[in-house]
Amino acid sequence: MTTISPVGRPLRPRGKLLQEDTRRHHRSLLLQQLFREGPASRADLARSTGLTRVTTSDLIGELMADGLVEELGAPAGSRVGKPPMLVGLAADSTHIVGIDLSNDDRMTGAVINLLGQVQARAEVTIDGASGQAAVDKVHRLAADLIALTDRPVLGIGVGSPGVVDATGTVIDAPNLVWADTPLSASLARAFDLPVFVANDANTAVLGEHTFGETGTGGLMVLRVGTGVGAGLVLEGSLLHGHRGAAGEIGHVVVDPDGELCACSRTGCLETILAVPRLRRRLAESEDAEEVLTRVGEQLGAALAPVVGTLNLQELVLSGPQELLDGSLREAVDRSIRSRTMPVSSEGLVVRASTLGEDVVLVGAAVLVLSGQLGVS
(Lines give C-alpha, C1' and ligand atoms only; values in the text may rest on other atoms or scores of the structure.)
Protein backbone atom coordinates (compact mmCIF):
# COMPACT_ATOMS: atom_id res chain seq x y z
CA MET A 1 0.00 0.00 0.00
CA THR A 2 0.98 3.67 -0.31
CA THR A 3 3.42 4.83 2.34
CA ILE A 4 4.84 7.97 0.73
CA SER A 5 4.00 11.13 2.62
CA PRO A 6 2.15 13.76 0.56
CA VAL A 7 4.49 16.40 1.92
CA GLY A 8 7.40 14.70 0.19
CA ARG A 9 6.07 15.00 -3.37
CA PRO A 10 7.75 17.26 -5.92
CA LEU A 11 5.79 20.36 -6.88
CA ARG A 12 5.90 19.44 -10.57
CA PRO A 13 5.66 16.00 -12.17
CA ARG A 14 8.89 14.65 -13.58
CA GLY A 15 9.01 13.05 -17.00
CA LYS A 16 6.12 12.58 -19.39
CA LEU A 17 2.65 13.25 -17.96
CA LEU A 18 0.60 10.09 -18.50
CA GLN A 19 -3.11 10.10 -19.29
CA GLU A 20 -3.95 8.57 -15.91
CA ASP A 21 -1.92 11.33 -14.21
CA THR A 22 -3.91 13.97 -16.08
CA ARG A 23 -7.18 12.37 -15.05
CA ARG A 24 -6.05 12.14 -11.43
CA HIS A 25 -5.05 15.80 -11.54
CA HIS A 26 -8.44 16.81 -12.91
CA ARG A 27 -10.22 14.80 -10.22
CA SER A 28 -8.13 16.59 -7.62
CA LEU A 29 -9.04 19.98 -9.09
CA LEU A 30 -12.75 19.21 -8.72
CA LEU A 31 -12.35 17.82 -5.21
CA GLN A 32 -10.27 20.82 -4.17
CA GLN A 33 -12.93 23.19 -5.46
CA LEU A 34 -15.72 21.37 -3.61
CA PHE A 35 -13.58 21.11 -0.49
CA ARG A 36 -12.69 24.83 -0.45
CA GLU A 37 -15.83 26.44 -1.82
CA GLY A 38 -18.61 23.99 -0.99
CA PRO A 39 -21.42 22.64 -3.22
CA ALA A 40 -21.60 23.81 -6.83
CA SER A 41 -23.25 22.90 -10.11
CA ARG A 42 -21.35 21.01 -12.79
CA ALA A 43 -21.35 24.13 -14.97
CA ASP A 44 -19.89 26.25 -12.16
CA LEU A 45 -17.23 23.63 -11.50
CA ALA A 46 -16.26 23.61 -15.16
CA ARG A 47 -15.91 27.41 -15.15
CA SER A 48 -13.93 27.55 -11.89
CA THR A 49 -11.50 24.75 -12.80
CA GLY A 50 -11.11 25.51 -16.50
CA LEU A 51 -12.17 21.99 -17.46
CA THR A 52 -14.67 21.33 -20.24
CA ARG A 53 -18.25 20.61 -19.28
CA VAL A 54 -17.98 17.12 -20.78
CA THR A 55 -14.86 16.33 -18.75
CA THR A 56 -16.38 17.80 -15.61
CA SER A 57 -19.60 15.82 -15.98
CA ASP A 58 -17.67 12.61 -16.67
CA LEU A 59 -15.40 13.06 -13.65
CA ILE A 60 -18.27 14.00 -11.33
CA GLY A 61 -20.01 10.79 -12.37
CA GLU A 62 -16.86 8.86 -11.56
CA LEU A 63 -16.51 10.56 -8.16
CA MET A 64 -20.16 9.81 -7.40
CA ALA A 65 -19.62 6.16 -8.27
CA ASP A 66 -16.67 6.16 -5.87
CA GLY A 67 -18.91 7.59 -3.15
CA LEU A 68 -16.85 10.77 -2.73
CA VAL A 69 -19.39 13.17 -4.23
CA GLU A 70 -23.18 13.29 -4.01
CA GLU A 71 -26.01 15.26 -5.62
CA LEU A 72 -27.64 17.71 -3.20
CA GLY A 73 -30.58 19.01 -5.23
CA ALA A 74 -31.27 22.44 -6.68
CA PRO A 75 -30.24 25.59 -4.81
CA ALA A 76 -32.92 27.52 -2.97
CA GLY A 77 -34.53 30.35 -4.94
CA SER A 78 -33.70 28.91 -8.36
CA ARG A 79 -34.96 30.91 -11.33
CA VAL A 80 -37.62 29.81 -13.79
CA GLY A 81 -36.52 26.94 -15.98
CA LYS A 82 -34.59 23.80 -15.24
CA PRO A 83 -32.58 24.51 -12.08
CA PRO A 84 -28.94 23.42 -11.83
CA MET A 85 -28.20 20.34 -9.74
CA LEU A 86 -25.69 21.00 -6.97
CA VAL A 87 -23.04 18.44 -6.10
CA GLY A 88 -20.89 18.35 -2.97
CA LEU A 89 -18.48 16.19 -1.02
CA ALA A 90 -20.11 13.14 0.56
CA ALA A 91 -18.57 13.95 3.92
CA ASP A 92 -19.41 10.65 5.64
CA SER A 93 -19.10 8.29 2.69
CA THR A 94 -15.63 7.36 3.84
CA HIS A 95 -13.70 8.00 7.03
CA ILE A 96 -10.12 8.74 8.00
CA VAL A 97 -8.20 7.42 11.00
CA GLY A 98 -6.13 10.16 12.64
CA ILE A 99 -3.57 9.46 15.37
CA ASP A 100 -1.73 11.93 17.63
CA LEU A 101 1.45 10.72 19.35
CA SER A 102 2.51 14.07 20.82
CA ASN A 103 1.08 13.73 24.33
CA ASP A 104 3.35 12.72 27.18
CA ASP A 105 1.07 10.12 28.79
CA ARG A 106 -1.22 8.73 26.06
CA MET A 107 -1.70 8.17 22.36
CA THR A 108 -4.98 9.59 21.09
CA GLY A 109 -6.91 8.88 17.93
CA ALA A 110 -10.12 9.72 16.12
CA VAL A 111 -12.32 8.65 13.25
CA ILE A 112 -12.73 11.78 11.09
CA ASN A 113 -14.91 12.52 8.08
CA LEU A 114 -13.90 14.31 4.87
CA LEU A 115 -14.76 17.72 6.35
CA GLY A 116 -12.43 17.27 9.33
CA GLN A 117 -15.21 16.49 11.80
CA VAL A 118 -14.48 13.95 14.54
CA GLN A 119 -16.93 11.04 14.55
CA ALA A 120 -15.43 8.79 17.25
CA ARG A 121 -12.44 8.71 19.60
CA ALA A 122 -10.10 6.23 21.27
CA GLU A 123 -6.85 6.34 23.20
CA VAL A 124 -4.23 4.12 24.79
CA THR A 125 -1.96 5.00 27.69
CA ILE A 126 1.76 5.02 27.02
CA ASP A 127 2.76 3.62 30.44
CA GLY A 128 6.43 4.22 29.72
CA ALA A 129 6.42 2.21 26.48
CA SER A 130 9.25 2.96 24.06
CA GLY A 131 10.89 1.40 21.03
CA GLN A 132 8.95 -1.52 19.56
CA ALA A 133 6.55 -1.55 22.52
CA ALA A 134 5.47 1.98 21.58
CA VAL A 135 5.03 0.94 17.94
CA ASP A 136 2.82 -1.93 19.11
CA LYS A 137 0.63 0.54 21.00
CA VAL A 138 0.19 2.62 17.83
CA HIS A 139 -0.95 -0.54 16.02
CA ARG A 140 -3.41 -1.34 18.79
CA LEU A 141 -4.86 2.18 18.68
CA ALA A 142 -5.23 2.03 14.89
CA ALA A 143 -7.08 -1.28 15.15
CA ASP A 144 -9.42 0.11 17.82
CA LEU A 145 -10.24 3.13 15.65
CA ILE A 146 -10.88 1.12 12.49
CA ALA A 147 -13.33 -0.99 14.50
CA LEU A 148 -15.26 2.18 15.45
CA THR A 149 -16.44 2.94 11.91
CA ASP A 150 -18.68 1.04 9.51
CA ARG A 151 -17.52 3.15 6.54
CA PRO A 152 -14.60 2.49 4.20
CA VAL A 153 -11.35 3.92 5.59
CA LEU A 154 -9.59 6.26 3.18
CA GLY A 155 -6.31 6.01 5.05
CA ILE A 156 -4.43 6.43 8.31
CA GLY A 157 -2.69 9.70 9.22
CA VAL A 158 -0.23 9.96 12.10
CA GLY A 159 1.37 12.97 13.78
CA SER A 160 4.56 11.77 15.49
CA PRO A 161 7.12 13.60 17.59
CA GLY A 162 10.63 13.80 16.19
CA VAL A 163 12.07 14.04 12.68
CA VAL A 164 10.03 12.13 10.08
CA ASP A 165 11.17 11.61 6.49
CA ALA A 166 9.06 11.62 3.32
CA THR A 167 8.45 7.84 3.51
CA GLY A 168 6.93 8.07 6.98
CA THR A 169 10.01 6.69 8.75
CA VAL A 170 10.68 8.32 12.12
CA ILE A 171 14.35 9.21 11.83
CA ASP A 172 14.70 10.31 15.44
CA ALA A 173 12.17 10.64 18.27
CA PRO A 174 14.20 10.56 21.50
CA ASN A 175 11.23 10.53 23.89
CA LEU A 176 9.85 7.34 22.32
CA VAL A 177 13.34 5.91 21.71
CA TRP A 178 12.64 5.64 17.97
CA ALA A 179 15.48 5.82 15.47
CA ASP A 180 14.93 5.00 11.80
CA THR A 181 11.60 3.43 12.77
CA PRO A 182 9.48 2.62 9.64
CA LEU A 183 6.17 3.50 11.28
CA SER A 184 4.28 4.15 8.04
CA ALA A 185 5.44 0.91 6.43
CA SER A 186 4.58 -1.21 9.45
CA LEU A 187 1.06 0.24 9.70
CA ALA A 188 0.49 -0.18 5.97
CA ARG A 189 1.48 -3.85 6.14
CA ALA A 190 -0.68 -4.49 9.17
CA PHE A 191 -3.88 -2.83 7.93
CA ASP A 192 -3.54 -2.85 4.13
CA LEU A 193 -4.38 0.86 3.99
CA PRO A 194 -2.59 3.99 2.75
CA VAL A 195 -0.62 5.48 5.64
CA PHE A 196 0.83 8.98 5.97
CA VAL A 197 3.14 9.90 8.86
CA ALA A 198 4.57 13.36 9.53
CA ASN A 199 6.06 15.32 12.39
CA ASP A 200 3.35 16.26 14.89
CA ALA A 201 4.04 20.00 14.68
CA ASN A 202 3.90 19.89 10.87
CA THR A 203 0.69 17.90 11.15
CA ALA A 204 -0.74 20.47 13.57
CA VAL A 205 0.04 23.41 11.29
CA LEU A 206 -1.65 21.62 8.38
CA GLY A 207 -4.75 21.12 10.53
CA GLU A 208 -4.78 24.75 11.65
CA HIS A 209 -4.12 26.05 8.14
CA THR A 210 -6.83 23.88 6.52
CA PHE A 211 -9.58 23.81 9.14
CA GLY A 212 -8.66 26.57 11.60
CA GLU A 213 -9.44 30.28 11.45
CA THR A 214 -6.14 31.45 10.02
CA GLY A 215 -5.21 34.54 8.07
CA THR A 216 -3.31 34.76 4.81
CA GLY A 217 0.14 35.53 6.22
CA GLY A 218 2.85 33.27 7.60
CA LEU A 219 1.68 30.80 10.23
CA MET A 220 3.66 28.99 12.91
CA VAL A 221 2.12 26.38 15.20
CA LEU A 222 4.25 25.59 18.23
CA ARG A 223 3.25 22.13 19.47
CA VAL A 224 4.00 21.47 23.14
CA GLY A 225 3.59 17.94 24.43
CA THR A 226 6.10 15.20 25.22
CA GLY A 227 8.50 17.34 23.20
CA VAL A 228 8.44 20.77 21.58
CA GLY A 229 8.34 21.43 17.86
CA ALA A 230 7.11 23.98 15.37
CA GLY A 231 5.33 23.72 12.03
CA LEU A 232 5.40 26.58 9.53
CA VAL A 233 3.20 27.44 6.56
CA LEU A 234 4.57 30.24 4.39
CA GLU A 235 2.63 31.57 1.40
CA GLY A 236 0.37 28.54 1.54
CA SER A 237 3.14 25.93 1.57
CA LEU A 238 4.48 23.78 4.39
CA LEU A 239 8.14 24.49 5.14
CA HIS A 240 10.17 21.27 5.29
CA GLY A 241 13.84 22.21 5.48
CA HIS A 242 16.80 19.91 4.98
CA ARG A 243 15.85 16.28 5.74
CA GLY A 244 12.41 17.47 6.83
CA ALA A 245 13.74 18.86 10.10
CA ALA A 246 12.42 22.43 9.82
CA GLY A 247 10.75 23.52 13.04
CA GLU A 248 12.88 21.42 15.43
CA ILE A 249 13.12 24.41 17.75
CA GLY A 250 12.69 22.25 20.83
CA HIS A 251 16.34 21.29 20.61
CA VAL A 252 17.71 24.82 20.39
CA VAL A 253 19.77 25.46 23.53
CA VAL A 254 18.33 28.30 25.63
CA ASP A 255 20.11 27.60 28.94
CA PRO A 256 23.65 26.14 28.66
CA ASP A 257 23.61 25.52 32.43
CA GLY A 258 20.21 23.85 32.36
CA GLU A 259 18.97 20.27 32.50
CA LEU A 260 20.05 17.37 30.33
CA CYS A 261 17.75 16.85 27.35
CA ALA A 262 16.68 13.54 25.80
CA CYS A 263 18.76 14.50 22.74
CA SER A 264 21.90 14.46 24.99
CA ARG A 265 22.40 18.25 24.90
CA THR A 266 22.03 20.49 27.92
CA GLY A 267 19.45 23.24 28.34
CA CYS A 268 17.33 22.73 25.21
CA LEU A 269 14.05 24.63 25.00
CA GLU A 270 12.33 21.27 25.49
CA THR A 271 13.86 20.95 28.98
CA ILE A 272 11.87 23.96 30.20
CA LEU A 273 8.75 23.81 28.02
CA ALA A 274 7.86 20.15 27.36
CA VAL A 275 4.73 19.27 29.34
CA PRO A 276 6.29 16.77 31.79
CA ARG A 277 9.17 19.15 32.60
CA LEU A 278 6.95 22.21 32.95
CA ARG A 279 4.46 20.41 35.18
CA ARG A 280 7.31 19.25 37.42
CA ARG A 281 8.71 22.76 37.74
CA LEU A 282 5.27 24.10 38.60
CA ALA A 283 4.82 21.41 41.26
CA GLU A 284 8.19 22.32 42.81
CA SER A 285 7.54 26.08 42.85
CA GLU A 286 5.45 28.18 45.19
CA ASP A 287 4.85 30.79 42.49
CA ALA A 288 3.31 29.25 39.34
CA GLU A 289 2.85 32.64 37.67
CA GLU A 290 6.55 33.43 38.01
CA VAL A 291 7.51 30.06 36.47
CA LEU A 292 5.12 30.46 33.54
CA THR A 293 6.21 34.06 32.91
CA ARG A 294 9.90 33.11 32.95
CA VAL A 295 9.35 30.20 30.55
CA GLY A 296 7.31 32.47 28.28
CA GLU A 297 10.14 35.01 28.21
CA GLN A 298 12.67 32.32 27.29
CA LEU A 299 10.38 30.97 24.59
CA GLY A 300 9.83 34.46 23.18
CA ALA A 301 13.59 35.03 23.06
CA ALA A 302 14.00 31.80 21.08
CA LEU A 303 11.17 32.66 18.67
CA ALA A 304 11.98 36.34 18.10
CA PRO A 305 14.63 35.67 15.39
CA VAL A 306 12.17 33.41 13.56
CA VAL A 307 9.39 36.01 13.69
CA GLY A 308 11.79 38.74 12.61
CA THR A 309 13.23 36.69 9.75
CA LEU A 310 9.95 35.35 8.37
CA ASN A 311 7.63 38.25 9.32
CA LEU A 312 5.00 35.81 10.60
CA GLN A 313 1.39 36.87 10.98
CA GLU A 314 0.26 34.22 13.48
CA LEU A 315 1.95 32.25 16.24
CA VAL A 316 -0.32 29.51 17.55
CA LEU A 317 0.48 27.80 20.86
CA SER A 318 -0.86 24.26 20.78
CA GLY A 319 -0.90 22.03 23.87
CA PRO A 320 -2.45 22.07 27.36
CA GLN A 321 -4.10 25.48 27.52
CA GLU A 322 -3.98 25.63 31.32
CA LEU A 323 -0.20 25.85 30.84
CA LEU A 324 0.16 27.81 27.61
CA ASP A 325 -2.58 30.42 27.84
CA GLY A 326 -2.52 33.34 30.26
CA SER A 327 0.83 34.32 31.77
CA LEU A 328 3.01 32.22 29.47
CA ARG A 329 1.35 33.38 26.24
CA GLU A 330 1.42 37.02 27.35
CA ALA A 331 5.11 36.76 28.21
CA VAL A 332 5.87 35.21 24.80
CA ASP A 333 4.07 38.08 23.09
CA ARG A 334 5.94 40.75 25.09
CA SER A 335 9.29 39.05 24.69
CA ILE A 336 9.00 38.77 20.91
CA ARG A 337 7.92 42.38 20.48
CA SER A 338 10.72 43.68 22.69
CA ARG A 339 13.29 41.85 20.54
CA THR A 340 12.05 42.64 17.03
CA MET A 341 11.45 45.73 14.94
CA PRO A 342 7.84 46.97 14.98
CA VAL A 343 7.57 46.38 11.24
CA SER A 344 8.24 42.68 11.88
CA SER A 345 5.91 42.10 14.81
CA GLU A 346 3.25 44.82 14.88
CA GLY A 347 0.75 42.61 13.02
CA LEU A 348 1.68 39.44 14.88
CA VAL A 349 -1.10 37.54 16.65
CA VAL A 350 -0.10 35.13 19.42
CA ARG A 351 -3.03 32.85 20.22
CA ALA A 352 -4.27 29.38 21.07
CA SER A 353 -5.34 26.92 18.39
CA THR A 354 -8.96 27.24 17.29
CA LEU A 355 -9.01 23.44 17.03
CA GLY A 356 -7.89 22.91 20.62
CA GLU A 357 -6.41 19.51 21.41
CA ASP A 358 -7.77 18.09 18.14
CA VAL A 359 -5.34 20.08 16.02
CA VAL A 360 -2.93 17.16 15.40
CA LEU A 361 -5.79 14.69 14.84
CA VAL A 362 -7.42 16.97 12.28
CA GLY A 363 -4.02 17.63 10.71
CA ALA A 364 -3.52 13.87 10.39
CA ALA A 365 -6.75 13.78 8.39
CA VAL A 366 -5.33 16.52 6.14
CA LEU A 367 -2.31 14.29 5.45
CA VAL A 368 -4.66 11.62 4.14
CA LEU A 369 -6.89 14.05 2.23
CA SER A 370 -3.83 15.48 0.52
CA GLY A 371 -2.23 12.13 -0.21
CA GLN A 372 -5.33 10.32 -1.40
CA LEU A 373 -7.57 13.01 -2.88
CA GLY A 374 -5.17 15.85 -3.56
CA VAL A 375 -7.03 18.28 -1.30
CA SER A 376 -5.70 20.28 1.63
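Modeller: In this predicted model, Glu208 and Arg351 form a salt bridge, with 3.1 Å between the closest N and O atoms.

Biologist: Are Glu208 and Arg351 buried or exposed?

Modeller: Both residues are buried.

Biologist: Which other residue does the side chain of Arg351 meet in a salt bridge?

Modeller: Glu314, at 3.0 Å from N to O. Here strand β16, which holds Arg351, is linked to strand β15 (residues 314-318), which holds Glu314; the two residues are 37 apart. Glu314 is buried, as is Arg351.

Biologist: Which residues do salt bridges with shared partners join into one network?

Modeller: Arg23, Arg27, Asp58, Glu62 and Asp66.

Biologist: How should I read such pairs in general?

Modeller: Side chains of opposite charge can pair when their charged atoms come close. Asp58 and Arg23 are a case here: their closest N and O atoms are 2.8 Å apart, and the two form a salt bridge. Arg23 sits in helix α1 (residues 19-37) and Asp58 in helix α3 (residues 53-65), so this pair connects parts that are 35 residues apart in sequence.

Biologist: What is the relative accessible area of Asp58, and what is that of Arg23?

Modeller: Asp58 has 41% and is partly exposed. Arg23 has 33% and is also partly exposed.

Biologist: How many salt bridges does a search of the whole structure find?

Modeller: The search finds 21.

Biologist: And how do I read an aromatic pair?

Modeller: A pair of aromatic rings is described by the distance of the centres and the angle of the planes. A search of the whole structure gives one such pair. Its members are Phe35 and Phe211, with 5.6 Å from centre to centre and 80 degrees between the planes.

Biologist: Why is the pair of Phe35 and Phe211 edge-to-face?

Modeller: Planes over 60 degrees apart count as edge-to-face, and the planes of Phe35 and Phe211 are at 80 degrees.

Biologist: Is Phe35 buried or exposed?

Modeller: Buried: its relative accessibility is 13%, and the cut-off for buried is under 20%. Phe211, with a relative accessible area of 23%, is partly exposed.

Notes:
Residues are numbered from 1 along each chain as its sequence is written. This is a predicted model: local features need pLDDT of at least 70, side-chain atom pairs count only at pLDDT 80 or more; totals for chains, interfaces and linings use all residues. Side-chain values use heavy atoms; hydrogens and water are left out. A salt bridge is a side-chain nitrogen of Lys or Arg within 4 Å of a carboxyl oxygen of Asp or Glu. Helices (H or I, at least four residues) and strands (E, at least two) are DSSP runs, numbered from the N terminus. Buried means under 20% relative accessible area, exposed over 50%, partly exposed in between (1.4 Å probe, protein chains only). Rings of Phe, Tyr and Trp (its six-membered ring) pair if their centres lie within 6.5 Å; planes under 30 degrees apart count as stacked, over 60 as edge-to-face and the rest as tilted.
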